[in-house]
Amino acid sequence: METYTFTANDTSLKKILDYFTDYSTSNNPYIKYLFKNSDVTITVYTNNKVVIQGKRALSYYEMFNTENKQVYLPQAGSDEVGTGDFFGPICVCAAFLDQNSYSEIKQYHIDDSKKLTDEYIKEITPHIIKTIKYSVLILPNEKYNYLISKYNLNCLKAILHNQAYINLINKGVELPDLAVVDDFCGQDLYYRYLLSQKQVIKDLTFQTKAESQYPAVACASIISRYCFLQEMEAMSNKYKIELPKGAAPITEEIGKIFLQRYGINELNKVCKMNFKNYQRLFSK
């Protein structure tokens, strides 16, 4: 059984209390909190010493120890891009890093793709994808518009993240103990969304803002963004209209121009029809 210890500060203690919905009591007067589930036992003592034990102790240690700056390898991570963009697909990536690949890519100062310029992402991603093992899924708008009528967005994202990990494994990657999903709905709901799937990847770690804490998630974020940018550029070139990112009012202005030139059937191939932007195109 793995065991990890650290002294909790206010931030890490709050993260533990926010993550677990309840805790057990103890007859030991020196124990402040006791958390248990099927994966781990976490004991918080009155002096704020935290002891983490269990088969996934490392994952929880990584999650809660805010003072920990060490990068644990190997690790895997997944993230998605495009869910907030009216135009363009959803791209989901799962990435794997070991010591060798991490040593090669850390020179690029990888971080959450939202913190990097698109120009920098275009510059570094070709080097990253030659170095690391990854799997990327691109969900085109036509298929998105069909699936979103059957599933809510979080369910759709759960299915895509799960499939990205399946594809990564099928590429010969043995998932390490530390495999992180950039959390968007919580662990319990994530696995509930996957009940109808034939294969479900278990023992994942769920962490919000994971791309700033785990380089594998950062790589997944960057690769997803890179693929999204490529798809947007290809669509813009095909229709000879610069399709804007995001969902600001400019997307509706471009949408009206697109609609006038190419009609509704073509519009539905490049946009997300469940967005309010789409409804406003036809409101007048």
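Buried means under 20% relative accessible area, exposed over 50%, and partly exposed in between, with a 1.4 Å probe and protein chains only.

Before the details, the conditions. This is a predicted model, in which local features need pLDDT of at least 70 and side-chain atom pairs count only at pLDDT 80 or more, while totals for chains, interfaces and linings use all residues. Residues are numbered from 1 along each chain as its sequence is written, and side-chain values use heavy atoms, with hydrogens and water left out. Helices (H or I, at least four residues) and strands (E, at least two) are DSSP runs, numbered from the N terminus.

Now strand 6, residues 90–97. It is mostly covered, with 8 of its 8 residues buried. In a regular strand the side chains alternate between the two faces of the sheet. Here I90, V92, A94 and F96 point one way, C91, C93, A95 and L97 point the other way, and all are buried.

Angles run from 0 to 180 degrees between N-to-C directions, and axes are lines fitted to C-alpha atoms, for helices over the stretch in contact.

Going through the pairs, strand 5 and strand 6 run antiparallel and are joined by 7 bridges, with C91 in strand 6 as the bridge partner of V81. Strand 6 and strand 7 also run antiparallel, with 7 bridges, and A95 stands opposite Y134 in strand 7. Where does the parallel pairing come in? Strand 5 (residues 75–81) and strand 8 (residues 179–182) run parallel, joined by 3 bridges; S78 stands opposite V181 in strand 8.

The other sheet is open too, with 4 strands in the order 1-4-3-2 and antiparallel pairing. Its edge strands are strand 1 (2–7) and strand 2 (31–36). Neighbouring strands are turned by 15° against each other on average, direction ignored. Strand 2 pairs with strand 3 (residues 40–45) over 5 bridges in the antiparallel sense, and Y45 in strand 3 is the bridge partner of I31. Helix 1 packs on this sheet, touching strands 1, 2, 3 and 4 (contact is heavy atoms within 4.5 Å), and its direction makes about 45° with that of strand 2. Helix 2 packs there as well, touching strand 1, strand 3 and strand 4, at about 15° to the direction of strand 1.

Next, the helix pairs. What angle do helix 1 (residues 10–19) and helix 2 (residues 57–64) make? Their axes cross at roughly 125° and come within 9 Å. Helix 1 and helix 2 are therefore oblique to each other; angles under 35 degrees count as roughly parallel, over 145 as roughly antiparallel, 65 to 115 as roughly perpendicular and the rest as oblique. S12, K15, I16 and Y19 of helix 1 meet Y60, M63 and F64 of helix 2.

Last, helix 4 (residues 118–131) and helix 8 (residues 215–239): their axes come within 9 Å and cross at roughly 115°. That makes helix 4 roughly perpendicular to helix 8. Residues in this contact include I121 and I128 in helix 4, and I222 and L229 in helix 8.

Terms used:
Pairing = 2+ DSSP bridges.
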